[in-house]
Amino acid sequence: MATKASTSAARLMMAPAVTLLLGWMLVPLTMTLYFSFADYRPLRGVFEPWIGFDNYARFTSSGSFWDAIWATLIMVGAILAITVTLGILLALLLDKPIFGQGVVRILVIAPFFVMPTVSALVWKNMMMDPVNGVLSHVFRFFGATPFDWLTQAPLTSIILIVSWQWLPFATLILLTAIQSLDGEQLEAAEMDGAPPLKRFWFIILPHLARAITIVILIQTIFLLGIFAEIFVTTQGSFGTRTLTYLVFQRVLESQNVGLGSAGGIIAVILANIVAIFLMRAVGKNLDA
Amino acid sequence: MRLKTTLRAATALTACALGTATFADSHATTITIATVNNGDMIRMQGYTDQFTAETGHQVEWVTLEENVLRQRVTTDITTKGGQFDIMTIGMYEAPIWGAAGWLVPLDDLSAEYDVDDILPAMRNGLSHDGTLYAAPFYGESSMVMYRTDLMEEAGLEMPDAPTWAFIREAAAAMTDKDAEQYGICLRGKAGWGEGGAFLNTMANSFGARVFDEDWDPQLDSPEWKETLEFFVGMMEESGPPGYATNGFNENLNLFQQGKCGMWIDATVAASFVTNPNDSQVADSVGFALAPDTGLGKRANWLWAWALGIPAGTQKADAAKEFIEWATSKEYIELVAENEGWANVPPGARQSLYDTPEYQEVPFAQMTLDSILAADPNNPTVEPVPYVGIQFAAIPEWAGLWTQVSQEFSAVYAGQQSIDEALERAQEIAVEEMEAAGY
Amino acid sequence: MARAASTRSRIGWTALAWGIGFLMFFPILWTVLTSFKTEAEAIAAPPSFLFFDWTLENYGIVQERSDYMRYLWNSVIIAGGSTLLGIIVAVPAAWAMAFVPGRFTKDILMWMLSTKMLPAVGVLYPIYLICIQLGVLDNRAALIIILMLINLPIIVWMLYTYFKEIPGEILEAARMDGATLKSEILYVLTPMAIPGIASTVLLNFILAWNEAFWTLNLTSVDAAPLTAFIASYSSPEGLFFAKLSAASTMAIAPILILGWFSQKQLVRGLTFGAVK
């Protein structure tokens, strides 16, 4: 079907997007790469263009590096697990015949529209504040001592906040996938006397596999870059310093652009390793 | 072919749309000021119209939360971005940036401005090699603010210059956790300007120091351990829950709600806690000097929020006019006239403390005494190679001390022991200082 | 009997769904409610839910301090502009990928997504320096382009998956009937693609509206959007719960309202090829 003419037309049509993205990727990446081999500390007025791999060695040998990798993995992993699991349950629920479905759906997806800074502020001050937060009022109402979320369970708190933001996204995609499920197949299974759990496991879940991989891929891309939520709540203390946040601290707080750039390059490499696995999975699904 | 035309049209359209957006908005005599969202600065914004009426210069405000502000202005000054004509900076930045030649020297201020009226401590802290690089909008030290009613209930009397031992005892006596009454509220929040600053001043009073004369980090010394043990012990006994994330604002809130018996923090807070509009305890607040341990150094810092002009701005003259206006005696009078003497920006000028009306303000004298008690050139019991009390005026400090204070906050949150924290803090300090070439 | 059971179960599911919906929405609701309280009521314990003296004073204070409309307008321009530009660039690309797939189509798509992996903080200095060189700091056009580039991979992918669902036979049939490329695009493809484009536009608008790193770091006055507006309220001195709530409400209200009105369109197209 693809004739020569249409192929070249297609190339032309793709050209702007590809060129722009190539520029957007290459220019900052090259500069970051360049800085990463330099001793660049603007506050000291130091710029020495080549110091070899010193920055890389320092970035990876500091104790914070592995802590940061670990924190990133836990955070991203937990948020994915929560949003996908709850997303499936919520999607199943919203698929049921319920009164006022439209309104419920609006309520559920609302957090997705809230900007990350605001949602972090709201959770920190209005919900989790140990004295005035709603959660501490609730705890007190039941006679319990208010729980100080951000110090006693900092990582969990951030995971909770971010999951709240992304659960709507997962739910929406999974809901569309569930709605596209062949009703007859399910009915047949029901006739055969398959119990609900079995129906879910053998018919619904396989059908959702593709949607789940896509949710995971897209969320991972966004979650690896989580910044505002940490900046507003814990500023990277109490073991919530992710790789992105560590890079931020090196570049902006320590004003060591060289070191931070090395961290940025390492973050890109690691993110792409993760991405390759994910994309393989999705790529396979795109063919199917 | 057709496709090409379409594409070209689309590109042209976009270019047009962008073009119009680019050429919108350009004011000639407008100065842009980056500032922090503290009460006094917000009040200043309200009076901008007066400045415009007097000089004809328009003012655009970029008001940001402290951490965001630092991030923005530092990036801009180091890259010579030229986004701002005036930057609100502190005592930490001014000498470093001044030395690097990034700020316009304020050495030709007018005679009426009376630069000699600025408190010497503030002037020195904002100068490098005797040249002033930023004019203080307000200055502060830290002091004890306490509830006179609760102190009386506890049967204690606050001396003008308390010791840490007394503070701890009084805190325990005032605490009633079931009634959400906490004897003492202190900063535990990570960040070099938050809990990090507080703990550093406290350590000074315990005889600890961050570096010795050769810039070797001293965080593994027994004095540091003693400081942390005392702090954590006292906060466990008498502090509010979650103090590990409490900074200035959180504590201010708690104090204004009447939940704290004592609070050791910035002297500027005095006007907020005695303001009946915001504070439920306004009429029962007393003040005292920051505590010591008898070693000769008190736990009080010195800080100023000041206005500086980035070198390279085209509008240096207008910017200077603004700075002279905003940090003048007349501005103080203007605020006093409209909002009362208690609300003027404090701590910058001697003449303010000579004003009879201001001497009536309950916290005026204690604020001045606290500022005078702070000596940035000799901050510690043992000698140190740096200038600054709650910080060392070197470019590496902010990054270094933020990381160290994160280790401390992790102790407050119960995530690690004091020994572990100090060990890691020492490692971080050694690593950073080596990398900086000390 | 069966009907009674199904009604009963429907009521049960309804109650559960409403409960969860309420929980999800509660933080937003609480913020909006608090924004109408006085500072004293905002910290009252126990807090009152609805029965307090409703006041608009916080909105007044916030508006007096910062000119909300200017930030709002910048947000609209930047989010709208980047979305429009993104669609113009992405539609041809996605169309080509979907209908004239080549050997490398999928690789290109995946590569595009991978450009989103560079952490923004890591490239702040390079981008800042470039913007200085080009003289485009605090410039709406620059932000429009940057946000467009950030979201372009997502747009292309979303459109691609959507276009792929348009059956090729229809196109061939149209071609058999002698339709030109122009009429093919105008009369056959466009009507089928509109819902997908609509939901892509919406998603992209939301993402651009909420982007908080570049919009904060590259702007000061002229181009500062709502993300910069909220940065001046995040930890002010004194009692601030009610004022913070008012500022938060002002920052999210426009996008929330837009999202609610358009949620049907958004939901319909938000599949990323998840549905076969």
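## Domains of chain C

Chain C is assigned domain 1 (2–59) and domain 2 (67–269); such bounds come from an automatic or database domain assignment. This is a predicted model: local features need pLDDT of at least 70, side-chain atom pairs count only at pLDDT 80 or more, and totals for chains, interfaces and linings use all residues. Residues are numbered from 1 along each chain as its sequence is written, while chains are lettered from A and ligands numbered from 1 in the order in which they are written.

The C-alpha centres of domain 1 and domain 2 of chain C are 32 Å apart. Their contact involves 11 residues of domain 1 and 8 residues of domain 2. Two residues are in contact if their C-beta atoms, placed from the backbone, lie within 7 Å.

## The domain 1 side

Three elements of chain C give two or more residues each to this side: α1 (2–34), α2 (39–42) and α3 (57–65). Helices are DSSP runs (H or I, at least four residues), and strands are too (E, at least two), numbered from the N terminus. α1(C) gives the most, 3 residues.

By class, the domain 1 side has 4 nonpolar, 5 polar and 2 charged residues. Nonpolar means Ala, Val, Leu, Ile, Met, Phe, Trp, Tyr, Cys and Pro; charged means Asp, Glu, Lys and Arg; the others, Gly among them, are polar.

## Chain C against chain A

Here 77 residues of chain C contact 81 residues of chain A. On the chain C side, α1(C) provides the largest share, 16 residues. That side has 58 nonpolar, 16 polar and 3 charged residues.
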